[in-house]
Amino acid sequence: MKSALLLALPAVLLALPASAATLHVSAETGESFRKADGSKAKPWKDLQVALNKAQPGDTILVAKGNYLGTSDQGYLTMTIPVTIKGGYSTDFASRDVLKNRTLVQPTTAQNGTSRSFALLSIGDP
């Protein structure tokens, strides 16, 4: 019985997911994907970059602001299971979803154009 448990233990350990990362995005203080690394100190500016870089099980913390995806196309794609939490201050020190509004919404300049939609696609690419 002991030997069966000892043999099963490595298989269980291999099945456990690696520790999940916490990624940061800020429309106001973030940088491009070339300059930032998604850390609290160097957040990305673009939510789609974080979605592209994330691994299954990661958490993406999003500071206040309006996010429209790569090149402000108004379209975000999420193809893996991640957690997205909005409502953070730009320094990620506090979270208040009413005070620090996090939006995926077309801007006034985009209304009435072919880019006037905001969509989050969840699933296969």
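## A buried phenylalanine to start with

Let's begin with Phe92, which counts as buried at 7% relative accessibility. Here buried means under 20% relative accessible area, exposed over 50% and partly exposed in between, with a 1.4 Å probe and protein chains only. Phe92 sits in the loop between E5 and strand E6 (102-103). Its phi is near 60 degrees, a positive value in a residue other than glycine.

What is Phe92 in contact with, leaving aside its neighbours within four places in sequence? The list is His24, Val25, Ser26, Lys40, Pro43, Leu61, Val62 and Ala63, where contact means heavy atoms within 4.5 Å. Phe92 and Lys64 are 28 residues apart in sequence, and their C-alpha atoms are 9.6 Å apart in space.

Is Ala93 buried or exposed? Ala93 is exposed, with a relative accessible area of 60%. From Ala93 to Ala63 it's 30 residues in sequence and 10.0 Å in space, C-alpha to C-alpha.

## What kind of model this is

This is a predicted model, so to speak of local features we need pLDDT of at least 70, while side-chain atom pairs count only at pLDDT 80 or more and totals for chains, interfaces and linings use all residues. Residues are numbered from 1 along each chain as its sequence is written, and side-chain values use heavy atoms, with hydrogens and water left out.

The pLDDT score is the predictor's confidence in each residue, from 0 to 100. Its mean for the protein is 80, and 66% of the residues reach 70 or more. Over residues 4-16, pLDDT stays under 50, and the model has zero contacts there beyond four places in sequence. Where pLDDT is low, the predicted coordinates should not be read in detail.

## The overall layout

The protein has two helices and seven strands. Both kinds of element are DSSP runs numbered from the N terminus: helices are H or I with at least four residues, and strands are E with at least two. Read along the sequence, the pattern is α-β-α-β-β-β-β-β-β.

Of the 125 residues in the protein, 31% are buried. Taking contacts between residues at least 6 apart in sequence, 60% join residues at least 24 apart. The protein exposes about 8100 Å², and carbon and sulfur atoms supply 58% of that; such areas come from the Shrake-Rupley method with a 1.4 Å probe, and for residues only the protein chains shown count as cover.

## A three-stranded sheet

Three strands form an open sheet in the order E1-E2-E5, with parallel pairing. Strand E1 (22-25) and strand E5 (83-88) stand at the edges with a single partner strand each, so one side of each has no neighbour in the sheet. From one strand to the next, the twist averages 20 degrees. For that angle, axes are lines fitted to C-alpha atoms (for helices, over the stretch in contact), and angles run from 0 to 180 degrees between N-to-C directions.

Two strands pair if DSSP finds at least two bridges between them. E1 and E2 run parallel and are joined by four bridges; Thr22 has Thr59 as its bridge partner in E2. Strand E2 (residues 59-63) also pairs with E5 in the parallel sense, over four bridges, and Leu61 has Lys85 as its bridge partner in E5.

Why is E2 described as largely enclosed by the rest of the structure? Five of its five residues are buried, so the strand is largely enclosed. In a regular strand the side chains alternate between the two faces of the sheet. Both faces of E2 are covered, with Thr59, Leu61 and Ala63 buried on one side and Ile60 and Val62 buried on the other.

## Around helix H2

Gln48 is found in helix H2 (residues 47-53). Gln48 is buried, with a relative accessible area of 7%. Its side chain reaches the backbone nitrogen of Thr77 at 2.7 Å.

Phe33 is in the loop between E1 and H2. Phe33 is partly exposed, at 42% relative accessible area. Not counting residues up to four places away in sequence, Phe33 touches Trp44 and Val49. Phe33 and Ala50 are 17 residues apart in sequence, with their C-alpha atoms 8.8 Å apart in space.

Technical notes: A polar contact is a pair of N or O atoms within 3.5 Å; within protein, one must be able to donate a hydrogen and the other to accept it, and residues adjacent in sequence count only if both atoms are side-chain atoms.
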